[in-house]
Amino acid sequence: MTLRIGIAGISGRMGIFLAEEAAADASLAGGISHSRPGPAGAPLFPDITALAAESDVVIDFTHASTVRAHAEALAKTETPWVLGTTGYGPEDLAAVAVAAEVIPVIASPNFCTGVNLLLLLAEKLGHALPASQYDAEILEMHHRQKVDAPSGTALAIGRAVALGRGVKLEEVMVSGRDGATGGRKDGEIGFATLRGGQVVGSHTLLFTAGDEQISLTHHAFDRRVFASGAVRAALWLHAQPAGLYGMRDFLKL
């Protein structure tokens, strides 16, 4: 049986790519859109519940404000959920975890294979390089329309470094340095955010000591790389039991 994939936010820039990839690798069930028509020939449904009822798995790249409602609806219809939305908070994450008790959910700020390999290396370097000697800084740039800052991927990199160091990111994170005094403190993980043009996504992690610097950089040149990864994750997720998964589970890292 061909897997039917539904796309939440099908008329958005990512939604259009997701629809194309879903149609190529599986079957496009259709989507929901509250702003403009979706791709030609793609069925549009009035809400997430109606879409889920006609889908074997739903891919969701919408907005943080929809996370809790989508979690509840997809749990009720028992529809597996690929969540690529970023910028949501602790209450939203709790709703995702509740849904994952009923359905398989894979949530990731980035479905690109290269980025997830970078996250693995970030954790290993965070563990290997003493925080008192190596300053960790994360630089990211995205297109001018991007809403959340730092990006979800940048935060994921920061969490990977913090995990390697055995600390919580929230306790050592510094985003922007306006008005900062006293220089940089040991163990801080800094973030710098750039926005401009139509940059798809660029992330650099720097570990800088007094006598050397190590850098890891990933550039995304085409949004299709995220769509392709999300559809591949959807094909994998459909066969999994209920639970909350990440890209490491899918990539077997």
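This is a tour of a predicted model, one selection at a time.

Residues are numbered from 1 along each chain as its sequence is written. In this predicted model, local features need pLDDT of at least 70, side-chain atom pairs count only at pLDDT 80 or more, and totals for chains, interfaces and linings use all residues, while side-chain values use heavy atoms, with hydrogens and water left out.

**Stop 1: the six-stranded sheet**

Helices (H or I, at least four residues) and strands (E, at least two) are DSSP runs, numbered from the N terminus. Two strands pair if DSSP finds at least two bridges between them. Select β2, β1, β3, β4, β5 and β11, which in that order form an open sheet of six strands with parallel pairing. The edges are β2 (27-32) and β11 (243-245); each has a single partner strand, so one side of each is left without a neighbour in the sheet. From one strand to the next, the twist averages 20°. Axes are lines fitted to C-alpha atoms, for helices over the stretch in contact, and angles run from 0 to 180 degrees between N-to-C directions.

Now zoom in on β1 (residues 4-8), which pairs with β2 in the parallel sense over five bridges. Pick Ile 5 and look across to β2: Leu 28 is its bridge partner there.

**Stop 2: helix α3**

Select residues 67-77, which make up helix α3. Its buried residues (under 20% relative accessible area; exposed is over 50%, partly exposed in between, with a 1.4 Å probe and protein chains only) are Val 67, His 70, Ala 71, Ala 73, Leu 74 and Ala 75. These buried residues pack against β1, β2, α2 (48-53), β3 (57-60), β4 (81-83) and α4 (90-99).

Stay with His 70, whose place is in α3. Its relative accessible area is 7%, so His 70 counts as buried. Contact means heavy atoms within 4.5 Å. Leaving aside neighbours within four places in sequence, His 70 is in contact with Ala 8, Ile 32, Ile 48, Asp 60, Thr 62 and Trp 81.

Two packed helices are described by the angle between their axes and the distance between the axes. For α3 and α4 the angle is about 10° and the axes are 9 Å apart. The two helices are therefore roughly parallel to each other (angles under 35 degrees count as roughly parallel, over 145 as roughly antiparallel, 65 to 115 as roughly perpendicular and the rest as oblique). On the α3 side the contact is made by Val 67, Arg 68, Ala 71 and Ala 75, and on the α4 side by Glu 91, Asp 92, Ala 95, Val 96 and Ala 99.

**Stop 3: the nonpolar cores**

A nonpolar core is a set of buried Ala, Val, Leu, Ile, Met, Phe, Trp, Tyr and Cys residues joined through side-chain atoms within 4.5 Å. The largest one has 54 residues, and those touching the most other members are Ile 5, Leu 18, Ile 59, Val 82, Ile 106 and Ile 189. Helix α8 (residues 224-237) gives the most to this core, with eight residues. A second, separate core has 21 residues, including Ile 32, Phe 45, Ala 75 and Ala 95.

**Stop 4: the five-stranded sheet**

Select β7, β8, β6, β9 and β10, an open sheet in that order with mixed pairing. At its edges, β7 (173-175) and β10 (213-220) each pair on one side only. Direction ignored, neighbouring strands here are turned by 15° against each other on average.

In a regular strand the side chains alternate between the two faces of the sheet. With β9, β6 pairs in the antiparallel sense over seven bridges, and Asp 135 stands opposite Thr 208. With β8, β6 pairs in the parallel sense over seven bridges, and Leu 139 stands opposite Ala 192.

**Stop 5: Gln 198**

Finish in the loop between β8 (189-195) and β9 (201-208), where Gln 198 is found. Its relative accessibility is 45%, so Gln 198 counts as partly exposed. Its side chain makes a polar contact with the side chain of Arg 13 (3.1 Å). A polar contact is a pair of N or O atoms within 3.5 Å; within protein, one must be able to donate a hydrogen and the other to accept it, and residues adjacent in sequence count only if both atoms are side-chain atoms.
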